[in-house]
Amino acid sequence: MRILVIGGGAREHAICRSLSLDPEVGAVHCAPGNAGTAEVATPHAVDPLDGDAVAALAASEEVRADLVVIGPEAPLVAGVADAVRERGIPVFGPSAEAAMLEGSKAFAKEIMAGAGVPTARSYVCTTPEEADAALDAFGPPYVVKDDGLAAGKGVVVTDDIEQARAHARACGGAVVIEEFLDGPEVSLFAVTDGETVVPLQPAQDFKRAYDADEGPNTGGMGAYSPLPWADPKLVDEITTTVLEPTVAELRRRGTPFSGLLYAGLALTSRGVRVIEFNARFGDPETQAVLARLRSPLGGLLYAAATGALADFPALRWSDGAAVTVVVAADGYPAGPRTGDVIEGLAEIEQEDGPQVYVLHAGTRADEDGTVRSAGGRVLSVTATGADLAEARERAYAAVGRVRLAGSHHRTDIARRAAAQAAEG
């Protein structure tokens, strides 16, 4: 099987890496990719938002893709999956209509209402006056969300009413204001062909820029899996009450969802509540989740893309744990600096063994092979271990080898969960 992966972040590097380990996958291509994906996939220059260009690349003599996997949300909302399907090539990723589950938070709320999925009470506001009324109705902490795509950074949670109002106005169009949900957050991915829903293992990510959940929201500063503190029945509960009803509602409306359904959840004092849906693998949770997946990824994604998921064998997982720590550029998230040389990557490969590897995100390579930063989140250092404590120790040892001027990372990824697990 020949597979083309669209995107250029650490999520796509993780997907390409897992696909390269699948014995049924003969060739992996990535467009546009980054300095890291080039190690496991053939790179191609393409505009990921140009559906015709992506479809032409997939059908080209050089690629001849049996499957196209679309990583980021923007190409999905732009209809790239539709363009590829029109060429008769299987695609892992929803149509533009179904991808509005992520593209519009107001649409997602509508789908959840129709499906009876538990979520926060909310108002969709289109004027400053409506936003002010909604903020007054809920009170602090205020939760204000841009209705459209915002790369994981369109949400403000604050006790400051003026900051909440300012964000609501800055969003420009529609804005969703909702009640604050207490309790820990969980990310759960599910692969679906529009009928069958296959959940993966849950993960937890860290959105705030700094330790102890301080600082602004980011695209994610780290993640870990599994969740030793979670109820063993949690995945089954979420599948039954959230994932399957959502897929069924979209199918009922004539917009079947095929691809990766990502549920961001809060485990509140009143039960599980959906914070948001995404229409693709999450970043950085993917890095941790795929590190533990033992089933062949290529076969799983192809089964979803071709409507054969019901016949795919039950997923197999490692018994251990995985931790991902994001190394971010100086100034991230407000104004990341790019172009700095990244050193220490070869040392990680030589010193830390196969349980530790670096997934590239915002990187590029000079003609002489020098790797430089090219984005805000630069690297995802991922490690596996017998438990969270061991995986965490390995991840942070490797992070310590990375040399990138002005870079920063959180030091508390999975710390609390590892301590809880150690206490039994």
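## Overall fold

Among contacts between residues at least 6 apart in sequence, 68% join residues at least 24 apart in this protein. The model is a predicted one. Of the 424 residues, 57% count as buried.

The protein contains 14 helices and 24 strands. Its radius of gyration is 20 Å, close to the 22 Å that the globule rule gives for 424 residues, so the protein is as compact as a globular protein of that length. Taken along the principal axes, the box filled by the C-alpha atoms is roughly 55 × 45 × 45 Å.

## Helix α1

Helix α1 spans residues 10–20 and is mostly covered, with nine of its 11 residues buried. The buried positions are A10, R11, E12, H13, A14, I15, C16, S18 and L19.

Strand β7 covers residues 142–146, and five of its five residues are buried, so the strand is largely enclosed by the rest of the structure. Y142, V144 and D146 point one way from β7, while V143 and K145 point the other way; all are buried.

β7 runs antiparallel to strand β8 (residues 155–158), and four bridges join the two. Within this pairing, Y142 stands opposite T158 in β8. Strand β9 (residues 175–178) is also joined to β7 by four bridges, again in an antiparallel arrangement. Here D146 has V175 in β9 as its bridge partner.

## The four-stranded sheet

An open sheet is formed by four strands in the order β11-β10-β16-β17, with antiparallel pairing. The edges are taken by β11 (197–199) and β17 (271–278); each has a single partner strand, so one side of each is left without a neighbour in the sheet. From one strand to the next, the twist averages 35 degrees.

Inside this order, β10 (residues 185–192) and β16 (residues 259–268) pair in the antiparallel sense over eight bridges. One of the residue pairs in the sheet is V191 with its bridge partner L260 in β16.

## Packing of α5 against α6

Helix α5 (residues 96–103) and helix α6 (residues 105–115) have axes that come within 6 Å and cross at roughly 100 degrees. The two helices are therefore roughly perpendicular to each other.

On the α5 side the contact is made by E97, M100, L101 and G103, which meet K105, F107, A108 and I111 in α6. By type, the residues of this contact divide into five nonpolar, one polar and two charged.

V77 lies in helix α3, which spans residues 73–77. With a relative accessible area of 25%, V77 is partly exposed; the cut-off for buried is under 20%.

Leaving out residues up to four places away in sequence, V77 touches A96, A99, M100, G103 and L149. V77 and M100 are 23 residues apart in sequence, yet their C-alpha atoms are 6.4 Å apart in space. M100 and G103 also take part in the contact of α5 with α6.

Definitions and conventions: Residues are numbered from 1 along each chain as its sequence is written. This is a predicted model: local features need pLDDT of at least 70, side-chain atom pairs count only at pLDDT 80 or more; totals for chains, interfaces and linings use all residues. Side-chain values use heavy atoms; hydrogens and water are left out. Axes are lines fitted to C-alpha atoms, for helices over the stretch in contact, and angles run from 0 to 180 degrees between N-to-C directions. Angles under 35 degrees count as roughly parallel, over 145 as roughly antiparallel, 65 to 115 as roughly perpendicular and the rest as oblique. Contact means heavy atoms within 4.5 Å. Ala, Val, Leu, Ile, Met, Phe, Trp, Tyr, Cys and Pro count as nonpolar, Asp, Glu, Lys and Arg as charged, and the others, Gly among them, as polar. Two strands pair if DSSP finds at least two bridges between them. The radius of gyration is taken over C-alpha atoms; the globule rule is 2.2 Å times the number of residues to the power 0.38. Buried means under 20% relative accessible area, exposed over 50%, partly exposed in between (1.4 Å probe, protein chains only).
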